[in-house]
Amino acid sequence: IPPMYWRCTTVLDLRLGRLTLRFGFSFFLLMAVLLVWDRDRLVLPVLLAVILHELGHLTAMLLCGVGVRGVCCTGSGVHILPGWHKKGGMIRELTVHLAGVAVNFLMAGLFFLFPMGFYGAYFSLINLLLGCFHLISAGNLDGANALRCLLSRYCSEAVTRRWMRLVSTGCLGLLLWQMLRAASMLNFSAMILWCYLLICTVREY
């Protein structure tokens with residue numbers, strides 16, 4: 001993850017052996033706001049889908065020989081700080097980058113086949129949307145990380161950054177165009193998310 005996430009202001013630090021868990025003020029603020037507004041209990045399935053997504057990344061990292069030094073939870077998401085790693089090729093890196101998306105798609109398929117009522121179908125939809133969202137090659141999403149991994153295999157660092165800036169900006173442009181076309185998508189939350197991805201694109205590429 002980018003160092004800026006690990007240097008975020010935290011209000012709670014926990015140590016589990018060599019693993020450090022950090023929680024920023026924005027994380028608790030976001031949780032409080034969501035839980036207060038969650039009168040229909042629709043936020044908890046979303047949080048569970050996010051947790052499963054990150055557990056997919058963590059599991060893949062451990063199976064692929066990538067150590068985990070810490071996990072930082074902020075209002076903008078969960079950020080993992082890698083530790084030591086064994087030598088590996090592109091397949092191993094892609095596995096780590098796309099493991100979270102794979103878990104979401106797996107959950108979406110399982111709960112689509114066995115919906116178990118409204119919340120089961122809702123959980124399936126949330127996992128499908130979360131997986132598709134993370135495949136977007138913009139900012140620091142999983143799709144962007146996977147594409148950067150592929151490009152760096154065949155291109156120099158400068159060329160990779162140039163192409164990633166172009167692709168990420170193009171994806172953000174398409175997202176903004178779709179939001180402007182569909183008035184229902186042009187809401188405060190969507191614009192905040194779009195601005196966050198834009199900031200990540202500028203900082204990383």
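This is a predicted model: local features need pLDDT of at least 70, side-chain atom pairs count only at pLDDT 80 or more; totals for chains, interfaces and linings use all residues.
Residues are numbered from 1 along each chain as its sequence is written, and side-chain values use heavy atoms, with hydrogens and water left out.

The chain contains eight helices and four strands, assigned as DSSP runs (helices: H or I, at least four residues; strands: E, at least two) and numbered from the N terminus. Their order from the N terminus is α-β-β-α-α-β-β-α-α-α-α-α. Of the 205 residues, 36% are buried, that is, under 20% relative accessible area with a 1.4 Å probe and protein chains only, where exposed means over 50% and partly exposed lies in between. The chain exposes about 12,500 Å², of which carbon and sulfur atoms supply 71%; these areas derive from the Shrake-Rupley method with a 1.4 Å probe. Among contacts (heavy atoms within 4.5 Å) with a separation of 6 or more, 59% join residues 24 or more positions apart.

Buried positions in H3 include Val-43, Ala-49, His-53, His-57 and Met-61. Just after H3, Gly-65 adopts a positive phi of about 85 degrees.

Helix H4 (residues 90–113) packs against H6 at an angle of about 170 degrees, with the axes 9 Å apart. Axes are lines fitted to C-alpha atoms, for helices over the stretch in contact, and angles between N-to-C directions run from 0 to 180 degrees. H4 is therefore roughly antiparallel to H6, a class assigned to angles over 145 degrees. H4 contributes Met-90, Glu-93, Leu-94, His-97, Leu-98 and Val-101 to the contact, and residues from H6 include Asp-142, Cys-149 and Arg-153. The contact residues comprise eight nonpolar (Ala, Val, Leu, Ile, Met, Phe, Trp, Tyr, Cys and Pro), three charged (Asp, Glu, Lys and Arg) and two polar (the others, Gly among them).

Ser-137 occupies the loop between helix H5 (117–134) and helix H6 (142–154). Its relative accessibility of 14% classes Ser-137 as buried. Beyond residues up to four places away in sequence, Ser-137 touches Gly-143, Ala-144, Leu-147, Val-167, Ser-168 and Cys-171. The C-alpha atoms of Ser-137 and Arg-148, 11 residues apart in sequence, are separated by 9.0 Å.

Conventions. Angles under 35 degrees count as roughly parallel, over 145 as roughly antiparallel, 65 to 115 as roughly perpendicular and the rest as oblique.
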